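I opened the model to look up its strands, core, charged pairs and rings. My entries follow in the order I made them.

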Amino acid sequence: MALDQSFVGRTYPPTAPYEVGREKIREFAEAVGETNPVYTDPEAAKEFGHSDVIAPPTFVFSITFRAAGQVVQDPQLGLDYSRVVHGDQKFAYTRPVRAGDRLTVTSTIEGIKSLAGNDVLDIRGEVHDEAGEPVVTAWTKLVARAAEEA
């Protein structure tokens, strides 16, 4: 069943604040093989003009994907998550994510289309800091594979 096109433009409430921890950044950097010391060493980060360690660019995915859960779990949308695969991911940064940031995400459905029986859902996540200043915009593309014919 195709997703409801009237959901394009729908914005969901902001998430509760997520506090970015220095240890979470270090763990993520290690997990993805990042060796740049600005991700793990506060002094190295300060040498590059940051107040604390910064997060690797893809770190914010874990926050924005969790926020996109509001969209995915909206029963009115009718998305069959058991058929979903992650299609694409893009980020546009205003500034780096830093240890100590308290970030919220507001998710908006930017597009819904059907391709060869598959539903393609584009979600934009606007990430703001505690002062309401923009930090990063993330775009997530989800593809709900067509049901197999019996």
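**Strand pairing**

I began with Gly111, whose bridge partner in strand 4 is Asp122. This is a predicted model, so I took local features only at pLDDT of at least 70 and side-chain atom pairs only at pLDDT 80 or more, while totals for chains, interfaces and linings use all residues. Residues are numbered from 1 along each chain as its sequence is written, and side-chain values use heavy atoms, with hydrogens and water left out.

For the elements I used DSSP runs numbered from the N terminus: helices are H or I with at least four residues, strands are E with at least two. Two strands pair if DSSP finds at least two bridges between them.

Strand 3 and strand 4 are antiparallel, with 11 bridges. They form a hairpin with 2 residues between them. Most residues other than glycine have a negative phi. Ala116 is exposed, at a relative accessible area of 78%. My cut-offs for burial are under 20% relative accessible area for buried, over 50% for exposed and partly exposed in between, with a 1.4 Å probe and protein chains only.

Strand 4 also pairs with strand 5, again in the antiparallel sense, over 10 bridges. Across this pairing Arg124 stands opposite Trp139 in strand 5. The hairpin of strand 4 and strand 5 has 5 residues between the strands, and Gly132 in the turn has a positive phi of about 85 degrees.

**Core**

Next I looked up the nonpolar cores, meaning sets of buried Ala, Val, Leu, Ile, Met, Phe, Trp, Tyr and Cys residues joined through side-chain atoms within 4.5 Å. The largest has 21 residues, and those touching the most other members are Val20, Ile25, Phe59, Ile63, Val97, Leu103 and Val127. Helix 1 (22-31), helix 3 (61-72), strand 3 (102-115) and strand 5 (134-144) each give two or more residues to this core. A second, separate core holds 15 residues, among them Leu3, Phe7, Tyr12 and Ile112.

Which residues are in contact with Val97, leaving aside its neighbours within four places in sequence? I listed Val20, Val53, Ile54, Ala55, Phe59, Leu103 and Val135. Contact here means heavy atoms within 4.5 Å.

**Charged pairs**

I found 12 salt bridges in the structure, each a side-chain nitrogen of Lys or Arg within 4 Å of a carboxyl oxygen of Asp or Glu.

Glu19 bridges to Arg102, with the closest N and O atoms 3.5 Å apart. Glu19 is in strand 1 (residues 18-19) and Arg102 in strand 3, so this pair ties together parts 83 residues apart in sequence. Arg102 is partly exposed, with a relative accessible area of 29%.

Arg26 and Glu30 form a salt bridge at 2.6 Å, N to O. They are 4 residues apart in helix 1, which separates them by about one helical turn. Arg26 is partly exposed at 26%, whereas Glu30 is exposed at 51%.

**Rings**

My search of the whole structure gave 3 aromatic pairs. Rings of Phe, Tyr and Trp (its six-membered ring) pair if their centres lie within 6.5 Å; planes under 30 degrees apart count as stacked, over 60 as edge-to-face and the rest as tilted.

Phe28 and Phe59 are edge-to-face, 5.5 Å centre to centre with 90 degrees between the planes. Phe28 lies in helix 1 and Phe59 in the loop between helix 2 (42-47) and helix 3, so the pair ties together parts 31 residues apart in sequence. Phe28 is partly exposed at 21% relative accessibility, whereas Phe59 is buried at 3%.

Phe91 is partly exposed at 25%, and Tyr93 is partly exposed at 32%.

Last, I looked for charges over rings, which requires NZ of Lys or CZ of Arg within 6 Å of the ring centre and within 35 degrees of the ring normal. Arg10 lies over the face of Phe7, 3.8 Å from the ring centre. Lys90 has its charged end over the ring of Trp139, 5.8 Å from the centre.
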